[in-house]
Amino acid sequence: TGNFSGQAQKDYQALSAAAKDWGAQSIFSSLEAAQAQEVLASRGMDTNQILATGPGIMALAAASQIELTDAADAAGSALQQFNGTGLTSAHVADVFAQAAADSALQGMDLAEALKYSGLQANLNGVSFEETAAALAVMSDTGMAAESAGRYLGMAFSKMAKPTDAARELMDELGISFYDSEGKMKPLAEITSMLQDRFAGLTDEQRQHALTTMFGQEAGRGMNALLQDTDGKLVRLTDSFTNSEGAAQKMA
């Protein structure tokens, strides 16, 4: 510590002590814990944020059976994507664990899908839990995690900025993705509305409508969500919202 002084030395000492504690209290070594701290620091976290994030990423890594650095990257990415929402690493870990228990999203699948959809979801006011639930529903149709993430992210972009043709069709069908205050409606409400408006259309008309509003690829993603006719999106959103302790239990 001779090269450090003042606050920098205090930060170094705090992180070093935490790495030793994390190693002693988990299946991971102190070196692995220090490497995870480095990943979190590279994402712009300060010492206090790293110290607060540690227990969550250890639970995530143990529950998902992944490397601690991978868990740090996944949790750090989710926290950045949903910045400003009050999301914590502990809750991220719990949702990852609950998603693995409730759906086909296993291990790093959710992290992979969120790379392509998390930021767009947050920009549109969609919660972490509902985004994860939508990705889980899409995954349960057999869709790969990366594809689900890309399609959902594209869909959010199309809903935020529809083309002229899409807007004309939406007006014709009485479809609006936003409420009177300009806030995006919950995904479950949007999918229910689309199911209702498409009820009288032929398969060809339905596919044309999805492609016009969302584009070919995002339309596939929305079509997967529209296959949910028994409320799975709502159930998973509730399950993820109330998943406290899931990571520790699975670990």
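A pocket here is an open set of points, on a 1 Å grid over the protein atoms alone, where a 1.4 Å probe fits and with protein on both sides within 12 Å along at least five of seven lines. By that rule, the second largest pocket of this predicted model has a volume of about 220 Å³, a volume being the space filled by probe spheres set on the points, which are joined across faces, edges and corners.

Because the model is predicted, local features need pLDDT of at least 70 and side-chain atom pairs pLDDT 80 or more, while totals for chains, interfaces and linings use all residues. Residues are numbered from 1 along each chain as its sequence is written, and side-chain values use heavy atoms, with hydrogens and water left out.

**The second largest pocket**

- Its lining (residues with an atom within 4 Å of a point) includes W22, F28, P55, M58 and Q248.
- Both α1 (6-25) and α3 give at least two residues to this lining, and α3 has the largest share, with four; helices are DSSP runs of H or I with at least four residues, numbered from the N terminus.
- By class, the lining holds eight nonpolar, three polar and no charged residues, where Ala, Val, Leu, Ile, Met, Phe, Trp, Tyr, Cys and Pro count as nonpolar, Asp, Glu, Lys and Arg as charged, and the others, Gly among them, as polar.

**The largest pocket**

- The largest pocket has a volume of about 280 Å³.
- Of the 17 residues that line the largest pocket, M45, Q49, T53, L79 and L87 lie nearest its centre.
- Two or more lining residues come from each of α3 (47-64) and α4 (68-81).
- Five nonpolar, 11 polar and one charged residues make up this lining.

**Aromatic pairs**

- F82 and F128 form an edge-to-face pair, because their ring centres are 5.4 Å apart and their planes stand at 70°.
- F82 sits in the loop between α4 and α5 (89-102) and F128 in helix α7, 46 residues apart; F82 and F128 are buried, that is, under 20% relative accessible area.
- F177 and F214 make a tilted pair, with ring centres 5.8 Å apart and planes at 40°.
- F177, in the loop between α9 and α10, and F214, in helix α11, tie together parts 37 residues apart in sequence.
- F177 is buried at 2% relative accessibility, and F214 is buried at 1%.

Terms used: Phe/Tyr/Trp six-rings, centres within 6.5 Å; stacked < 30°, edge-to-face > 60°. Buried < 20%, exposed > 50% of the residue type's maximum accessible area, 1.4 Å probe, protein only.
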